[in-house]
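Here are my notes on the model. Please read them with the structure open.

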Amino acid sequence: MSISANTSNQVAALKELYTGDDYMKDLVYKKNPLLALMPKDESPSGFAGKYIPVPLVFGTPQGRSATFSNAQGNQTAPQLSSFFVYRVSNYQLATITNELLEATKDNAGAFVDEAKLVMDTSFRNISNDLAHDLYSDGSGKRGALASIATGVIVLTQSGDIVNFEVGMSLVSYSVSGSTPTQSTGAAVGYIIAVNRSSGELTVSTSQGGAAATPSSWSTSFPNLAVEGDINFTANGLLTANTRKVSGLGSWIPVSAPVSSDSFWGVNRSSDVTRLAGVRFDGSSESIEEALIDGSSLVAREGGMPDMCFMSFASYAALEKSLGAKVQYVDVKHEEADIAFAGIRIHAPYGPITVIPDRNCPPQLAYLLQLDVWKLRSLGRAPHVLTYGMEGLEALRVGSADALEIRIGYYANLICSAPGWNCVISLSS
């Protein structure tokens with residue numbers, strides 16, 4: 001029996017698919033383990049206010065001595081810092097043509113069947129972007145070009161190819177200090193082909209056009225980002241100005257912060273380990289040895305890492321090197337009905353589960369104590385955005401015969417104890 005349908009109940013029927021846990025499990029978490037396992041506060045007040053203060057005691061008060069007068073004369077206050085973390089926003093638009101609405105106006109179920117593809121792929125795109133950002137430094141950089149000729153780009157890290165999709169609109173830039181700059185007259189490049197085996201992109205000067213090098217693109221401006229993700233203002237890469245989530249790459253940077261550091265209002269150079277995490281160069285060791293040595297450094301600082309994330313290439317190398325010693329384990333998500341397979345490594349404070357993640361940068365591993373991390377957001381990240389009414393709202397597109405549904409989130413990542421976590425440089 002047909003169901004009489006109109007624009008409101010057709011869209012409302014579609015809404016039912018994106019309000020429970022199933023869409024989060026299947027579209028958001030399934031292929032993104034760090035995003036899935038990261039502790040979250042997605043309550044309506046999860047990121048209320050202008051910013052979230054993250055206080056951190058990184059030094060104990062002095063005033064101890066075997067001699068009373070020295071103890072009394074050398075007293076200091078506890079060493080305190082507070083990161084004042086702002087939320088960032090991210091948007092994905094899904095457009096449904098009015099022709100589809102008209103063609104299915106007598107059957108809301110038929111509309112849902114047709115529109116679901118648009119919505120599912122839109123959720124996947126913004127979810128993959130958030131999963132990538134959880135490993136990034138907040139700048140929006142997705143990779144860097146080593147060379148470009150007639151629109152064909154060879155990336156400096158072939159593994160970064162996972163960060164690119166056909167149809168992406170890219171900008172190229174360089175960085176001086178904390179200011180990203182483009183060449184005068186630089187054009188947008190549109191990805192028309194992705195070679196995932198060779199780590200090469202092909203771009204055009206128009207969406208869907210022929211291969212061509214955009215104006216002013218060269219190795220002098222090697223960094224690549226999606227148009228709109230980079231803030232091209234003075235000090236645009238300082239945390240207060242960045243437009244993307246401050247991920248592991250910013251909380252636990254590979255390079256130790258220097259004296260000019262400013263991360264959410266804190267100069268972390270006064271104690272780079274407790275304020276910016278542990279760094280360990282394990283590139284001359286086997287991956288297993290690097291993980292054990294890195295975890296020992298974290299244990300020395302009082303941390304108890306329980307999870308480790310690395311690329312699939314590094315995970316495969318670890319699995320091969322362990323041979324008959326390998327111990328497999330499944331890690332289940334507490335809420336969504338989903339699990340990830342990993343390898344168990346024994347460390348000073350107990351076992352660590354190693355999980356492969358396609359979003360992890362090549363030849364890096366992140367040892368994390370997950371209970372000191374939290375992804376805070378206003379509602380779920382991501383979710384269908386609504387404006388002034390209950391439920392899913394579709395907006396008329398002024399310049400097209402279509403309706404627009406907006407998906408997005410307002411969120412950021414915080415860490416209450418960076419020094420209990422470690423980034424490790426790997427040999428492979």
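Is Trp264 buried or exposed?

1. Basis. This is a predicted model: local features need pLDDT of at least 70, side-chain atom pairs count only at pLDDT 80 or more, and totals for chains, interfaces and linings use all residues. Residues are numbered from 1 along each chain as its sequence is written, and side-chain values use heavy atoms, leaving out hydrogens and water.

2. Trp264. With a relative accessible area of 3%, Trp264 is buried (buried means under 20% relative accessible area, exposed over 50%, partly exposed in between; 1.4 Å probe, protein chains only). Its phi is positive, about 50 degrees, although Trp264 is not a glycine. Trp264 lies in the loop between helix 7 and helix 8 (272-276). Helices (H or I, at least four residues) and strands (E, at least two) are DSSP runs, numbered from the N terminus.

3. Thr239. The backbone nitrogen of Trp264 is reached by the side chain of Thr239 at 2.8 Å. Thr239 sits in the loop between strand 11 (223-226) and helix 7 (248-251). Thr239 counts as buried, at 10% relative accessibility. Neighbours within four places in sequence aside, Thr239 is in contact with Ser246, Ser262, Phe263 and Trp264 (contact means heavy atoms within 4.5 Å).

4. Gln363. Here is another positive phi, about 60 degrees, and Gln363 is not a glycine. Gln363 is in the loop between strand 16 (350-356) and strand 17 (364-368). Gln363 is partly exposed, at 35% relative accessible area.

5. Cis peptide. Ala381 and Pro382 are joined by a cis peptide bond, with omega about 0 degrees. Pro382 belongs to the loop between strand 18 (373-377) and strand 19 (383-384).

6. Overall fold. The chain has 10 helices and 22 strands. Its radius of gyration is 24 Å, close to the 22 Å that the globule rule gives for 428 residues, so the chain is as compact as a globular protein of that length. The radius is taken over C-alpha atoms, and the rule is 2.2 Å times the number of residues to the power 0.38. Along the principal axes, the C-alpha atoms fill a box of roughly 85 × 50 × 50 Å.

7. Packing. Of the 428 residues, 47% are buried. Among contacts with a separation of 6 or more, 74% come from residues 24 or more positions apart.

Notes: A polar contact is a pair of N or O atoms within 3.5 Å; within protein, one must be able to donate a hydrogen and the other to accept it, and residues adjacent in sequence count only if both atoms are side-chain atoms.
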